[in-house]
Amino acid sequence: ILKLDNDVALEPSCVAQLVEDAGKRRIPALTSPVINYYRRELGCWFQGGFIDWERFETGHCASLEEFRKLPMRQRVMTGCGMWIPARILEIIGFYDEKLFLYFDDTDFSVRAVREGFEIDVVASALMHHKVSATSGGVEARSPFKAYHGLRSSLLFWRRYSSWWRFHREYCAGHLGKWVNGLGEEWRNPDTRARAQAVI
């Protein structure tokens, strides 16, 4: 199964490369093409993702080499363009609908690895992404993006952290990024809706 976002364009050989790669694997894997920005001059958007369990952080790797040095438990795949062998769905099920937007692909990746599957990027497959088209663009600070970004991060990190660690480390270290500027955002009519979404 090839899961795609609605703001992507595939190179003509992309699917064939993903299929060929899957046929060579002994262990089923979630894989992704290399994903460039739709505006070609912006370069590469995704060539593997990481999760830092100690620092409560996720992100994109700077290079394919960096990604492939990570142990499986620290690799994550983007849902923007994800090849999913049916066997993985049979074992772990579908995306968790509680994570409506954001962290849904991260959660899916974690669940796959915990069942013994792998995660990789197929370097010969290529697609292009109009990043965050649904939520207003990469730099968007819309109420929609704020609400779902914060909500999903709370659900994800609570799921994979102990009660104590979530409250003492995640909440103490990361909620400030969301709430420290709320007073200023609330006073500004242009950003009040975002502040309400965070609250």
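## Helix α4 and its end

Just after α4, G116 has a positive phi of about 95°. The model described here is predicted. Helix α4 covers residues 104-114, and 10 of its 11 residues are buried, which leaves the helix mostly covered. The buried residues are D104, D105, T106, D107, F108, S109, V110, R111, A112 and V113.

An α-helix has 3.6 residues a turn, so residues three or four places apart point the same way.

T106 sits in helix α4. Its relative accessibility is 7%, and T106 therefore counts as buried, since the cut-off is under 20%. Leaving aside residues up to four places away in sequence, T106 touches I51, T58, V76 and F156.

F108 is another buried residue of α4. With residues up to four places away in sequence again left out, F108 touches L30, M82, I84, I88, L89, I92, G93, F94 and Y95.

## The nonpolar cores

Which residues have the most contacts inside the largest nonpolar core? They are L30, F67, I88 and F108, in a core of 30 residues. Several elements supply at least two residues each to this core: the helices α1 (14-24), α2 (64-68), α3 (86-92) and α4 (104-114), and the strands β3 (29-37), β4 (44-46), β8 (81-83) and β9 (118-129). Strand β9 gives the most, with 5 residues.

## Two phenylalanines with positive phi

Most residues other than glycine have a negative phi. F56 has a positive phi of about 55° although it is not a glycine. F56 lies in the loop between β5 (49-52) and β6 (57-60). Is F56 buried or exposed? F56 is buried, with a relative accessible area of 5%.

F103 also has a positive phi, near 70°, and is a residue other than glycine. Where is F103 placed? F103 is in the loop between α3 and α4.

## The chain as a whole

The protein chain has 8 helices and 9 strands. Its radius of gyration is 18 Å, close to the 16 Å that the globule rule gives for 199 residues, so the chain is as compact as a globular protein of that length. Along the principal axes, the C-alpha trace spans about 55 × 40 × 30 Å. Of the contacts between residues at least 6 apart in sequence, 68% join residues at least 24 apart.

Buried residues make up 45% of the 199 residues. The accessible surface of the chain is about 11000 Å², and 53% of this surface belongs to carbon and sulfur atoms. How many positive and negative side chains does the protein chain have? There are 27 positive and 25 negative side chains, and the centres of the two sets lie 4 Å apart.

Notes. Residues numbered from 1 in each chain as written. Predicted model: local features only at pLDDT ≥ 70, side-chain atom pairs only at ≥ 80, totals over all residues. Heavy atoms only, no water. Helix = DSSP H or I, 4+ residues; strand = E, 2+ residues; numbered from the N terminus. Rg over C-alpha atoms; globule rule 2.2 N^0.38 Å. Buried < 20%, exposed > 50% of the residue type's maximum accessible area, 1.4 Å probe, protein only. Contact = heavy atoms within 4.5 Å. Areas by Shrake-Rupley, 256 points an atom, 1.4 Å probe, with all protein chains shown as cover. Lys, Arg positive; Asp, Glu negative; His and termini not counted. Charge placed at Lys NZ, Arg CZ, Asp CG, Glu CD. Core = buried A, V, L, I, M, F, W, Y, C linked by side-chain atoms within 4.5 Å.
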